[in-house]
Every structure is written in C-alpha cells, then in structure tokens.
Amino acid sequence: MVVNSLAFLWFFLVVLVVYYAFQQKLQVQNIFLLACSYWFYAQIDLAMTGLLAVLTLLFWLLGHGIGKAVETEQERKASLLTTLSVVAGIGALFYFKYLNFFIGSFVSAAHLVGIHLSWTAAHIVVPIGLSFFTFKLMSYTLDIYHEKISRERRLLDFANYIAFFPTILSGPIDRPKPFLKQLKQSRLFLSDHLMTGFRRVLWGMFLKMCIADRLDLYISAVWENYHHHSSISILFASLLYPLQMYADFSGYSEMAIGVSLMLGFKVAENFRRPFFTINIAQYWSRWHMSLTSWLTDYVFMPLNIKLRGWGTNGTICAIMLNMTFIGMWHGASWTFFLFGVYHGLWYIPLMVSGQFFKKPKVKLNAKGWPTAPFVLKMVGIYLVVTFGLMLFHSSSLSEFCALLCHVSTAFGGSLFIDMPTLVNAALCAVPLICVDIQEEWFPNKKLWLPRRLEPWRWSLLVAVEIVAILLFGITDSNQFIYFQF
C-alpha cells in the first residue's frame, strides 16, 4: 500500500475518523493506533510482521533490564545488556541485508587465490523498513544506557514508537524521547494540525508524482539502455537524477510528516534544501537529516572521542568510517560501500583547511541575492553529488565502470529529447525551485504573489498543486526509491 495511492487514502480516512472518535480516551486511542500500524505493515510485508513484533518485545525487555540496572547502579549489567541490544540490532541487519553480500564476497575472494567454494547465497527476504526501525530500536536502549531517557514501562507505547505507520517504511527516524512523550499526551482534533498536515501531504504528492515520477520516465529510458545513448544524454540524465532523488525522498518525508501531524504527532524533519550548500558537510547536514544525525550521535561522536588522541587524523578516520556506514546502510553492495567512501573523501579538504567546524555564510550582493562565487560553489557540490549518485544508482561496480567507459567514448550522437516528459517535469519543478529559493534566501518575503493575493496564498497553492497533480501526475503508484533500503 503506497502512501500516495487511493488505497492508502481510504485507509487513512477511516483511521482518522475512528482515531479522533476516541480523543478523550488516550489508552484506547493508542491501542487503535498500534492496531492500524500493524495492519498497515501486514498489507505490505505480512511474513515479516512477526519479526517486527518479536524485535519490539525483545528490545522492550532489554530496555527494561538496562533501565533497572542503571537505576540500581549496576554498571556492568547495564553495559552487558546494552551491548546485547546493539548486537541484536546489528545482527538482524547483518542477517537480512548483508549475509549474502559477505558470502558472495568471500567466495569471490577465495576464487581469486585458487580456492573454489560451493557456497551459494541463501534465500533471504529483506523486511521493508528494516534499516529504519532497527535504528529506532537501538537508539532506545542506547539512550536508556546513557540516561537520556527512562525505560518505557508500557509495551503498548514502545510498540507504537517502533511501528508508527506513517514513518515505518522510510522514516524519518524519530528519537524515542520526543515521540514517547507525545504518546502520553492528549491528542485532540485540531483544525490547524489537520490543514497544515494536509498541505504537507499534498506537497509531498506533488513532489513525488509530478517531479520525481516524471523525471524517472526520462532517466530510466536513458540509464537502462545507456549503450544506445550518447555521452551527452547520459550526463544530462545523471544531472537530473539528484533532483529526482530529492523530489522522491523528500516527497515521501513530507507525506509522512503531514500524516503524522494530522494524527497529532510532530516527527523529525528530514530535508532542508540540501542543494543550497557549498560543501559536503553542509549538504549531509540537510539531506536525510534523521539518518545523518543518528549516525553522528551514535557512531561519529563515540569514534571521534575514542580517536581524539590522533588529532585531526582521528577525526578524519571517524568521518570516513561514519560515511562508509552511511553508504552501507543503503544496501549490501560494493557500490554503496564506495558511495560512502567517496563522500567521506570530500570531508578531508574541509578538515585539513579547518573549515569542517565552521558554518558557511551566504554571501549576498547589494540586491540581496547570493554572489556568483557562492552560486558556483553550490553548482560544484551539485556536481559532486551527481557523480556519487551515478555510483549509487549502479547495480554493480562492473555496471558503473561500463557506464563510465561508455560516457568517455560515446561522444558522437545528439541529446536524447523526450519533449513532453521534460517540459512537464520542468513546469512542475518551477514551484519547487521558487519555494526553496524563498525559504532559503528570502524567508521573510513572499516573492511569488502580489500583495493583494497574499491572504489567499495557501488556498491558491493548494489549488495549483491539485490541478498539477491531476494534469501532470503519474498515477500508477510508483514505489518510492527509499523503500528498498
């Protein structure tokens, strides 16, 4: 059941009506919410619903034990149980996502030295959303151990935190403290939350259906048949892919945040105009923010503290390991591994120059617009991201190398033009660009409407989005790119 599908719309309408019918009964409301979350997940991955329940119970019990050990100052027991929880979380990820990758890599390495093994890949189905909810599970036990939160005594509330249906498939990855706190507060029907949530859902649908899915028609046509296309066509499709990824994933995040808000929950933001940045650190601080902040807090910071005796070199090692984890988090492939290493390497100049811990400032001209050098740096980061996503998109290293070889040799031929697709995508991208420019550089100004129309701004925007979705939207419910992770 895709979030932008008609089936989800009917499901959510029923949920919303029944949910607020129990707004005076918090416990009943939470029970109903959990039932809806498990029903939703079962529609997508029935076979793995049991795994979700087992892991939830296991980590709740581990959290309970860690909490008691911390309260009674049994440091050794608390440390042991916390380690067990991390092993369980990483173990689940390793088995379902990485076991076949390591088996295949080991067999290939053995073959290179003359040892022939008959091992074959196991038939393992990766649960949808595994990478997202395992991080939530581990952050819960780690936060209890570090005394950032107390143990959750209600299994119902903890299960709701893990299985919350708007975010379980592709995030955002919420931290336990703010979400569990909201579960204990009355969630009444508020028209402001409903309207703001609806606008964000509609905006997310617009990004997904009118921009991401439109661009996918062109990009897939080129990349899936790159042998038949010229270098300029492949490079043009590659330059469009970051925009498709942004519209696709931020579109899902907008819908998840909007649906959550309509249910009375404020969940983590996931994107903040990542292409308006001038270095790779700033880019990652704005792209998939819930993942980046999670790994910063639970991987980079502990590593950096442990390696601080090495000075700058220690920080570089911590960054490289952290970015490698980000790459591998996306999947079990050498392309993802190198994707993480590639991004990590771009941090080294920042560290050497001392710019890593400095916040870049926007340089404006007399009219309030960014200067040309600043814009050129933005373009440079976009190109850096584009090359990395060519690696990210490739199914294997051999495919990536073949693609690069073809680009370096196929200079002949013209640019492949699918005029209807490109024109429609360009028309839909204009509102996204205008909104991002306004929010990034002119947050206190409304540049795209005359003053007399300002009171009707939101109504007009909603109307334009609905018309655009009806006219330009791809309605066959394409799967979101990040569902595979």
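I count a charge as sitting over a ring if NZ of Lys or CZ of Arg is within 6 Å of the ring centre and within 35 degrees of the ring normal. I looked up Lys 97 by this rule and found it over the face of Trp 329, at 5.8 Å from the ring centre. I also noted Lys 136, whose charged end sits over the ring of Tyr 161, 5.0 Å from its centre.

Notes on the model. This is a predicted model, in which local features need pLDDT of at least 70 and side-chain atom pairs count only at pLDDT 80 or more, while totals for chains, interfaces and linings use all residues. Residues are numbered from 1 along each chain as its sequence is written, and side-chain values use heavy atoms, with hydrogens and water left out.

Aromatic pairs. I paired rings of Phe, Tyr and Trp (its six-membered ring) with centres within 6.5 Å, calling planes under 30 degrees apart stacked, over 60 edge-to-face and the rest tilted. The count came to 47 aromatic pairs. Tyr 161 belongs to helix 6 (residues 155–163) and Phe 179 to helix 7 (residues 176–183), so the pair ties together parts 18 residues apart in sequence. Helices here are DSSP runs of H or I, at least four residues, numbered from the N terminus. Both Tyr 161 and Phe 179 are buried, meaning under 20% relative accessible area with a 1.4 Å probe, protein chains only.

I then took Trp 203 and Phe 206, a stacked pair with 5.4 Å centre to centre and 20° between the planes. They are 3 residues apart in helix 8 (residues 191–223), about one helical turn. Trp 203 is buried at a relative accessible area of 13%, and Phe 206 is buried at 3%.

Ring pairs also link a cluster that includes Phe 8, Trp 39, Tyr 140, Tyr 161, Phe 165 and Phe 265.

Core. I defined a nonpolar core as buried Ala, Val, Leu, Ile, Met, Phe, Trp, Tyr and Cys residues joined through side-chain atoms within 4.5 Å. The largest has 133 residues, and Phe 165 and Phe 206 are among the members that touch the most others. A second, separate core of 7 residues includes Phe 374 and Trp 441.

Helix 3. I checked residues 49–71: the helix has 23 residues and reaches 33 Å from first C-alpha to last, close to the 33 Å expected at 1.5 Å a residue. The expected span is 1.5 Å times one less than the number of residues. Just after helix 3, I found Glu 73 with a positive phi of about 60°.

Methods:
Buried means under 20% relative accessible area, exposed over 50%, partly exposed in between (1.4 Å probe, protein chains only). Helices (H or I, at least four residues) and strands (E, at least two) are DSSP runs, numbered from the N terminus.
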